[in-house]
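Take a look at the model below. This report covers its aromatic rings and then its pocket.

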Amino acid sequence: MQSILIAYGTTDGHTADIASFMGGVIRSAGAQVDIVRAGVDGADPSPERYDAVVVAGSLHGGRYQRALQRWVRGHAAALSRQPTAMISVCLGILQKDQQVWADLDAKVNLFLKETGWQPSVVKIVAGALLYTRYGWLKRWIMRRITRKAGVETNPTRDYIYTDWEDLRLFASGFLRRISGDQEEPAAREVARPMGAAT
């Protein structure tokens with residue numbers, strides 16, 4: 001039985017939902033999964049105990065969660081010896097703009113440079129606008145950002161933009177890859193080996 005670690009960082013809770021969803025997909029395929037909010041409350045799982053690792057973090061203000069970054073940096077050597085995937089959660093991927101995508105790619109690459117880790121594959125996933133969890137200032141800022149992007153939103157409700165079916169295909173494909181089965185379904189959004197063009 002394959003043993004998979006999903007280590008995540010979250011700010012408003014949506015990346016935790018993404019990690020849980022991926023864990024469910026992988027468990028249903030018969031693998032053992034541990035889902036851990038890395039670097040928080042002393043959580044410091046060793047990647048070497050697992051056959052593969054998924055790291056999921058969300059971009060806020062151009063950066064990923066500090067606790068997740070510290071955990072990845074501390075385990076970069078072990079992570080680089082294993083099959084690994086990075087899930088980058090952000091709303092920018094919704095904009096079909098090559099400049100925005102290049103900027104997202106640059107932020108992923110900065111995280112990898114600062115941590116010293118090179119994942120096997122990177123997946124960029126659309127996140128959520130969780131207005132009901134925000135304070136008034138963040139609600140105002142996020143609404144302003146969405147208006148600038150040409151999207152009108154109602155700040156009294158939440159918006160989930162994650163493509164769950166695409167994420168299911170990606171999780172299943174990653175499990176197939178580490179199991180040695182190369183016939184994996186292609187995900188519909190951005191999933192690429194590092195170094196490939198967006």
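## A buried tyrosine and its partner

Tyr159 has a relative accessibility of 13%. The cut-off for buried is under 20%, so Tyr159 counts as buried. This is a predicted model, and the values here are computed from it.

Arg157 lies over the face of Tyr159. The distance from the ring centre is 3.9 Å.

## Aromatic pairs

A pair of aromatic rings is described by two things: the distance of the centres and the angle of the planes. The count here comes to five aromatic pairs. One of them joins Tyr131 and Tyr159. Their centres are 6.2 Å apart, with 85° between the planes. Over 60 degrees counts as edge-to-face, so this pair is edge-to-face.

Where do the two rings sit? Tyr131 is in the loop between strand E6 (128–130) and helix H5 (136–148), and Tyr159 is in strand E7 (residues 158–160). The pair therefore ties together parts that are 28 residues apart in sequence. Tyr131 is buried too, at 0% relative accessibility. Ring pairs also build a cluster from Tyr131, Tyr134, Tyr159 and Tyr161.

## The largest pocket

Rolling a probe the size of a water molecule over the atoms shows where empty space is left. The largest pocket has a volume of about 850 Å³. It is lined by 33 residues. Closest to its centre are Leu59, Cys90, Leu91, Gly92 and Met142.

Elements that give two or more residues to this lining are helix H1 (14–28), strand E4 (84–90), helix H4 (98–115), E6 and H5. By class, the lining has 16 nonpolar, 13 polar and four charged residues.

Technical notes. Residues are numbered from 1 along each chain as its sequence is written. This is a predicted model: local features need pLDDT of at least 70, side-chain atom pairs count only at pLDDT 80 or more; totals for chains, interfaces and linings use all residues. Side-chain values use heavy atoms; hydrogens and water are left out. Rings of Phe, Tyr and Trp (its six-membered ring) pair if their centres lie within 6.5 Å; planes under 30 degrees apart count as stacked, over 60 as edge-to-face and the rest as tilted. Helices (H or I, at least four residues) and strands (E, at least two) are DSSP runs, numbered from the N terminus. Buried means under 20% relative accessible area, exposed over 50%, partly exposed in between (1.4 Å probe, protein chains only). A charge sits over a ring if NZ of Lys or CZ of Arg is within 6 Å of the ring centre and within 35 degrees of the ring normal. On a 1 Å grid over the protein atoms alone, a cavity is a set of points where a 1.4 Å probe fits but cannot get out, and a pocket is an open set with protein on both sides within 12 Å along at least five of seven lines; lining residues have an atom within 4 Å of a point. Grid points are joined across faces, edges and corners, and a volume is the space filled by probe spheres set on the points. Ala, Val, Leu, Ile, Met, Phe, Trp, Tyr, Cys and Pro count as nonpolar, Asp, Glu, Lys and Arg as charged, and the others, Gly among them, as polar.
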